[in-house]
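Thank you all for making time this morning.

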Amino acid sequence: MKNYIFNTKVNLKEFDDFVISSDQNSLFQCSSWALVKENWDHIFTSVTLDSEIVATALVLVRKMPFHTTLFYIPRGPVMDYKNEELVHFYLDNLKKLAKKHHAIAVRFDPAILTRVYSYKDRNNGIPLENLDVVESLKKYGAIHSGFTTKIEESTQPRFNAEMNVTKDFEDHLEHKTMKCVRNAIHKGIEIKEGREEVKNLAVAMHYTEVRKQVALRSEDYFAHMMDVYGDCGICMSASLNFPKQLKRLEDSINEKKEQIALNPTKKQKAALVREIAQDEKEYQKLEEDYKREGKDEVITSGILACYNKNLMELFYMGNNPNYLRMYSSYLLYKLCLDRCVELGIEKCSFGGIEGTLDDGLTLFKSNWLMNVEEYIGEFNIILNHPIYYAFNTIYPKVLKLAAKARGKK
């Protein structure tokens, strides 16, 4: 038996380096995430062998009723799940630690995949992998929540969208995707970036709250994330300035009329006539929007992304439903992917998606050379059955009702 050592005092740089260099790399398991989740306590754990780290886990600790807690490890622990000796050693020691903290359960969802495939291949019957890991964890006593498909069925979505970012990714995007990016620019969408844009991001996210009648993250939360990630955080807002765009359209219409006066070919004239008609239609629509808004500028979209050395995570994006025709979300995605190229980051996560792969958000993400990642799912090691049962059945319903109540306000 190997001489493994379980640690609760770790060097955070070595901890992060281990996670980032792993094929299980996740921002949810890097030390910064502990600072983001400031409403949870946290414990950094690791296993070393001959002074070398072989396993890590950021354990979030939620205080529960009756002086109990819940241990939760998002997208972790990070270790070789084929090494049963290591897995059992880590989980044995984690259970001992959990009991000291009066935990009702240890909940975790490893960043281990059952399959990865391009969105285009979703119906091609890609075989499942790592089912032996599921069986090994079940044999240990961890209860598997199953191969869920809905986002709401697990703490972290089991289905995730991601893209392998290459330097020439733009050349491989579908024509319609790049057309939407160009349309956003043509329609006068302006992009601003910086921590100060969290206010506009919160405005964009509020439209989603109103549409779904549920309370999401606040401006303070976004500001806190940007403070935690610093230079590794990106916050951008997209806006439309009515006077500026109306003037652009007016100039464009006049310029095209002047070109027609120069007697172009029949084909060129027909194209110019079509473009004028489109511009005039958009001009009329913008005048109506301007009058309805009663202000010169409106926020159309916003995004917040964070990254480490090898991975960018697009955490939040909100859209103003009245201006979807501006395609500002396409421009924001494109700019984030451009940033990946600049930073040498080869993987960009678009976040969780429904396992049906047919909802509107998934269809939008599929425009970006999207791969579907299916994780093995969530596990629970139950330490206090009565309280855990109440937590697992009642608590989620209470949270959902409270979020809806806040959303209606």
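Let me begin with a question: is Phe-108 buried or exposed? Before I answer, please keep in mind that this is a predicted model, and that what I say describes that model. Phe-108 counts as buried, because its relative accessibility comes to 1%.

The structure holds 20 aromatic pairs, and the one formed by Phe-108 and Phe-379 is stacked, with 5.6 Å from centre to centre and 20 degrees between the planes. Phe-108 belongs to strand E6, residues 103–108, while Phe-379 belongs to strand E16, residues 379–382, so this pair ties together parts that are 271 residues apart in sequence. A second pair, Tyr-333 with Phe-350, is tilted, and here the centres are 5.1 Å apart with 50 degrees between the planes. Tyr-333 and Phe-350 are both buried. Elsewhere, ring pairs join Phe-28, Trp-33, Tyr-221, Phe-222, Phe-315 and Tyr-316 into a cluster.

Let me turn now to two asparagines, starting with Asn-160. Asn-160 is part of strand E9, which covers residues 159–164, and it counts as buried because its relative accessibility is 6%. What does the side chain of Asn-160 make a polar contact with? The partner is the side chain of Ser-349, at 3.1 Å. If we set aside residues up to four places away in sequence, Asn-160 touches a number of residues, among them Ser-349, Gly-351, Gly-352, Ile-353 and Asn-371. The C-alpha atom of Asn-160 is also separated by 9.6 Å from that of Thr-362, although these two residues are 202 apart along the chain.

The other asparagine, Asn-308, is placed in the loop between strand E12, residues 297–307, and strand E13, residues 312–319. Despite that loop position, Asn-308 counts as buried, because its relative accessibility is 11%, and the cut-off for buried is under 20%. The side chain of Asn-308 makes a polar contact with the side chain of Asn-25 at 3.0 Å, and a polar atom of the Asn-308 side chain lies 3.0 Å from the backbone nitrogen of Asn-310. Leaving out its neighbours within four places in sequence, Asn-308 is in contact with Ile-20, Asn-25, Leu-27, Cys-30 and Ile-345.

Finally, let me step back to the whole chain. The protein chain contains 14 helices and 16 strands, and its C-alpha trace spans about 90 × 45 × 40 Å along the principal axes. Of its 409 residues, 51% count as buried, and among contacts with a separation of 6 or more, 77% come from residues 24 or more positions apart. The chain exposes about 20,900 Å², of which carbon and sulfur atoms supply 51%. As for charge, there are 57 positive and 57 negative side chains, and the centres of the two sets lie 5 Å apart.

Terms used:
Residues numbered from 1 in each chain as written. Predicted model: local features only at pLDDT ≥ 70, side-chain atom pairs only at ≥ 80, totals over all residues. Heavy atoms only, no water. Helix = DSSP H or I, 4+ residues; strand = E, 2+ residues; numbered from the N terminus. Buried < 20%, exposed > 50% of the residue type's maximum accessible area, 1.4 Å probe, protein only. Contact = heavy atoms within 4.5 Å. Areas by Shrake-Rupley, 256 points an atom, 1.4 Å probe, with all protein chains shown as cover. Lys, Arg positive; Asp, Glu negative; His and termini not counted. Charge placed at Lys NZ, Arg CZ, Asp CG, Glu CD. Polar contact = N/O pair within 3.5 Å; in protein donor to acceptor, adjacent residues only side chain to side chain. Phe/Tyr/Trp six-rings, centres within 6.5 Å; stacked < 30°, edge-to-face > 60°.
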